[in-house]
Amino acid sequence: MFSGLRGLEWNVQFTVYTYIGYMLQGLEGDVNVKFLLTGGSLVKVRSNNWKKNRFFKLQEDFRTVFQETHKIIGRKNTFSIDDIDTVRQGRHSEGLEKYTDENMEDRCFSVIFKNRRKNLDLIASSREEAAYWTTGLEKVVRAMHNLSRQESSEHWIFNCMRKADKNHDNKMTLKEMKNFLRTINIEVNDNYAEMLFKKCDTSKSGTLEGSEIMHFYSLLTNREEINVIYSKYACTGGQMSAEDLLKFLVYEQRERSSMSDALRLIEKCEPDETAKENGHMTKDGFLMYLQQAEGMIFNMAHKDLYQDMSQPLNHYFISSSHNTYLMEDQLKGPSSTEAYIRALMKSCRCVELDCWDGENGEPVIYHGYTLTSKVLFKDVIKAIKEYAFKTSQYPVILSLENHCSLEQQKLMAHYLRSILGSALVTEPLGDKMPTHFPSPQDLKGRFLVKGKRMNKLDSFFSSSSALEEDSVSEEDEAANVKMPGEKPKSKSSKMKLARELSDIVIYCKSVHFVSFEHTRDTQAFYELSSFKESKALNLAKTSATAFICHNAEKLSRTYPAGSRTDSSNYNPVPLWNAGCQIVALNFQTPCKEMDLNQGQFLPNGLSGYILKPKFLRNRATEFDPNRLTRGPWMQKKKFHVMIISAQQLPKLNKEKKNSIVDPLVKVEIYGVPDDKAEKETHHINNNGFNPMWNESFEFTVFVPELALVRFMVEDYDTASHNDFIGQYTLPFTSIQNGYRHIHLCNKRGHVIPSASLFVHIMIMDLQ
């Protein structure tokens with residue numbers, strides 16, 4: 001009926017769209033999705049003077065959105081659904097707030113992209129049409145993100161084949177086959193290409209067509225390593241029975257599975273209805289299982305909230321941002337409410353507000369003594385109110401760096417109270433003076449202010465009169481950076497503090513650190529100190545046990561050195577090892593340190609809170625991460641990793657069709673110094689599509705509760721530093737045994753579609 005690429009297209013499209021239909025169950029008749037497929041005109045907003053009508057339409061492949069363009073010839077007029085991070089209804093982008101009127105609120109929406117691409121700010125003709133667009137896009141984005149990796153891979157491979165067919169004759173010549181292989185990141189020598197071509201060209205016609213292309217496709221997508229594993233356990237008529245699958249789950253994956261678990265996986269993953277009815281799993285179903293969440297390296301049981309959230313606040317690591325308002329560098333980069341939204345949507349639970357006097361009596365946020373742009377304090381608080389609890393319901397700490405006059409401080413306090421309302425903690429919980437922090441559970445949906453306070457917390461429970469204003473020491477991180485000719489204020493200088501702002505600082509009163517002995521004797525539990533990275537790292541190295549004991553009672557915040565004008569980051573691991581809770585990083589900068597932060601806070605429902613190990617919560621602990629001794633922290637493990645293969649690694653230079661990656665894999669362990677280790681595979685020449693290593697490594701992990709494991713794939717370069725391809729980081733305690741896929745992430749922490757590693761993991765006790 002069909003031949004050549006048309007036959008392959010029918011086969012792949014049938015599979016893909018059938019699966020899309022499965023993933024979009026209930027959406028086939030959805031009015032929102034139907035509206036998107038019809039398309040419509042929207043006003044695209046860039047500035048006050050640039051508001052243009054443009055036609056937008058969801059394409060039939062459910063993967064791309066067409067957008068009308070009127071300017072540059074050759075400019076791409078579609079964007080991918082995979083590139084969409086979120087869809088925001090209302091005037092919740094900086095552009096829409098600036099360039100639209102409040103009466104347009106219910107007609108506005110923004111498409112936020114994962115990469116550095118600018119937001120797409122749009123206005124619909126009516127409230128109803130805006131709802132169609134936002135609801136429809138959200139549903140399609142969610143459904144397409146959940147698509148099987150196998151199906152998306154097949155669709156991608158077919159599209160690459162179709163592009164290689166230059167004359168559109170639904171046949172493939174040897175030259176077209178070579179171009180296709182380069183497109184999918186494989187470079188083969190002429191002899192191998194010719195051998196593969198001849199193997200498939202059974203008609204000897206000099207072109208591949210019909211069943212020959214299907215044969216070539218099956219050879220290309222075949223996973224030899226999966227075949228070997230499957231054949232070992234497929235003991236029932238060439239297929240896996242439920243009993244066979246259960247044996248695999250127990251003996252290879254080392255799971256505590258039951259027969260009902262095996263049958264559930266068959267029901268979920270098996271595409272062949274006959275096999276499913278017989279309680280069997282085919283090889284396709286087995287591969288599907290290995291590509292689902294159940295087959296990933298990350299323990300599914302840790303995906304949702306699983307830790308005790310009723311401990312005092314200082315018993316948790318808290319995902320924290322430094323200079324949250326900045327989008328780029330610390331000297332002249334833009335400040336934006338968008339930076340707060342992005343951090344909060346990544347489960348950041350402590351954001352920084354660097355507050356200064358602004359024009360017209362309005363306080364502003366920016367990096368003092370620099371050329372960074374300014375954003376209104378009230379606009380930031382509105383954005384925080386809107387997005388604080390969309391990803392996590394657990395408390396958000398607002399870390400105030402206050403450099404404002406008394407009048408503008410009073411206005412700050414007014415905005416905090418009026419905008420945040422009852423969600424702002426303005427007095428201690430309970431009816432008596434607390435002796436320890438409330439828990440994240442107690443504070444769900446609440447905001448805490450960190451800043452200076454005139455008096456002690458027990459003033460709430462006494463009749464002492466309150467001062468209208470007072471002088472307090474000024475903590476000034478901005479003093480670390482100054483413009484030429486500027487003389488920053490002394491860190492030990494005094495500043496006037498308004499009572500209105502002082503009174504809303506409850507559980508996070510900023511105080512200067514003197515020594516651990518001093519804080520132990522004089523510092524209340526709610527008084528916390530901030531440490532710049534050099535001081536914090538020195539204490540973590542020379543006085544680790546004292547630092548841990550301090551953090552078992554109190555909160556500590558650390559932040560990057562002022563010399564990091566490029567918004568680079570410091571290593572957070574030694575400070576987590578010392579029990580520091582608020583380890584603030586520059587969220588806007590993609591780097592290894594942010595990979596570690598993302599990995600640290602990956603479990604526990606993306607709550608932004610991770611319960612510290614018990615030995616970091618004990619005020620009498622003897623744990624020293626730098627000099628290990630026997631104790632409850634020592635749970636020695638043998639960590640065996642086999643790097644088997646990778647799938648569909650991205651091309652780094654898409655402009656050069658002959659540019660193929662030479663991938664290698666690094667396995668890195670971060671934790672206490674004795675656990676720090678790194679090993680790497682050999683590189684494989686010219687194959688980013690399906691490289692295979694089968695290399696094994698062994699590590700000894702002494703303190704697994706503090707260890708993070710980072711898998712990194714690089715493009716080998718003999719003449720310079722290797723180039724980053726992708727990575728994945730997770731806590732050692734969240735790793736699953738057995739044969740596992742690892743979804744790779746790009747530099748900004750977003751999953752790279754179809755790119756993965758396939759590994760075998762074995763963790764054994766050594767005690």
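Buried means under 20% relative accessible area. The legends below refer to a predicted model.

Figure 1. Of its 767 residues, 57% count as buried. Among contacts between residues at least 6 apart in sequence, 69% join residues at least 24 apart.

**Figure 2. Phe-531 and Phe-547 form an edge-to-face ring pair.** The ring centres lie 5.4 Å apart and the ring planes stand at 65°; a pair counts as edge-to-face when its planes are over 60 degrees apart. Phe-531 belongs to strand 19 (residues 527-532) and Phe-547 to helix 20 (residues 544-553), so the pair ties together parts that are 16 residues apart in sequence. Phe-531 has 2% relative accessibility and therefore counts as buried. Phe-547, at 0%, counts as buried as well.

**Figure 3. Phe-180 and Phe-216 form an edge-to-face ring pair between two helices.** Here the ring centres are 6.0 Å apart, with the planes at 70°. Phe-180 comes from helix 6 (residues 174-183) and Phe-216 from helix 8 (residues 211-221), so the pair ties together parts that are 36 residues apart in sequence. Both Phe-180 and Phe-216 are buried.

**Figure 4. Helix 9 packs against helix 13.** Two packed helices are described by the angle between their axes and the distance between the axes. For helix 9 (residues 224-233) and helix 13 (residues 283-290), the angle is about 110° and the axes are 10 Å apart. Angles of 65 to 115 degrees count as roughly perpendicular, so helix 9 and helix 13 are roughly perpendicular to each other. The crossing of helix 9 with helix 13 is right-handed. On the helix 9 side, the contact is made by Ile-226, Asn-227, Ile-229 and Tyr-230; on the helix 13 side, by Lys-283, Phe-286, Leu-287 and Leu-290. By type, the residues of this contact divide into six nonpolar, one polar and one charged. Tyr-230 and Phe-286 also belong to a cluster linked by ring pairs, together with Tyr-233, Phe-248, Tyr-289, Tyr-739 and Phe-758.

**Figure 5. Asn-314 sits in the loop between helix 13 and strand 10 (316-321).** Asn-314 counts as buried because its relative accessibility is 2%. Residues up to four places away in sequence aside, Asn-314 touches Phe-437, Gln-581 and Lys-612, as well as Asn-551, Ala-552, Glu-553, Lys-554 and Leu-555. Cys-580 is 266 residues from Asn-314 along the chain, and the C-alpha atoms of the two are separated by 8.8 Å.

**Figure 6. Arg-91 lies in the loop between strand 5 (84-89) and helix 3 (94-99).** With 11% relative accessibility, Arg-91 counts as buried. Its contacts, leaving aside neighbours within four places in sequence, are Leu-96, Glu-97, Thr-100, Asp-101, Glu-102, Met-104, Glu-105 and Cys-108. From Arg-91 to Cys-108 the C-alpha separation is 5.7 Å, and the two are 17 residues apart along the chain.

**Figure 7. Cys-404 occupies the loop between strand 14 (396-402) and helix 16 (406-420).** Its relative accessible area is 6%, so Cys-404 is buried. Not counting residues up to four places away in sequence, Cys-404 touches Cys-355, Trp-356, Asp-357, Pro-363, Gln-409, Met-412 and Met-495. Ala-498 is 94 residues from Cys-404 in sequence, with 9.8 Å between their C-alpha atoms.

**Figure 8. Tyr-369 and Gln-648 have positive phi values.** Most residues other than glycine have a negative phi. Tyr-369 has a phi of about 65° and lies in the loop between strand 12 (364-365) and strand 13 (375-376). At 14% relative accessibility, Tyr-369 counts as buried. Gln-648 has a phi near 50° and lies in the loop between strand 23 (637-647) and strand 24 (663-670). Gln-648 is buried, with a relative accessible area of 10%.

Definitions and conventions: Residues are numbered from 1 along each chain as its sequence is written. This is a predicted model: local features need pLDDT of at least 70, side-chain atom pairs count only at pLDDT 80 or more; totals for chains, interfaces and linings use all residues. Side-chain values use heavy atoms; hydrogens and water are left out. Axes are lines fitted to C-alpha atoms, for helices over the stretch in contact, and angles run from 0 to 180 degrees between N-to-C directions. Helices (H or I, at least four residues) and strands (E, at least two) are DSSP runs, numbered from the N terminus. Angles under 35 degrees count as roughly parallel, over 145 as roughly antiparallel, 65 to 115 as roughly perpendicular and the rest as oblique. A crossing is left-handed if the near helix is turned anticlockwise from the far one by less than a right angle, and right-handed if clockwise. Contact means heavy atoms within 4.5 Å. Ala, Val, Leu, Ile, Met, Phe, Trp, Tyr, Cys and Pro count as nonpolar, Asp, Glu, Lys and Arg as charged, and the others, Gly among them, as polar. Rings of Phe, Tyr and Trp (its six-membered ring) pair if their centres lie within 6.5 Å; planes under 30 degrees apart count as stacked, over 60 as edge-to-face and the rest as tilted. Buried means under 20% relative accessible area, exposed over 50%, partly exposed in between (1.4 Å probe, protein chains only).
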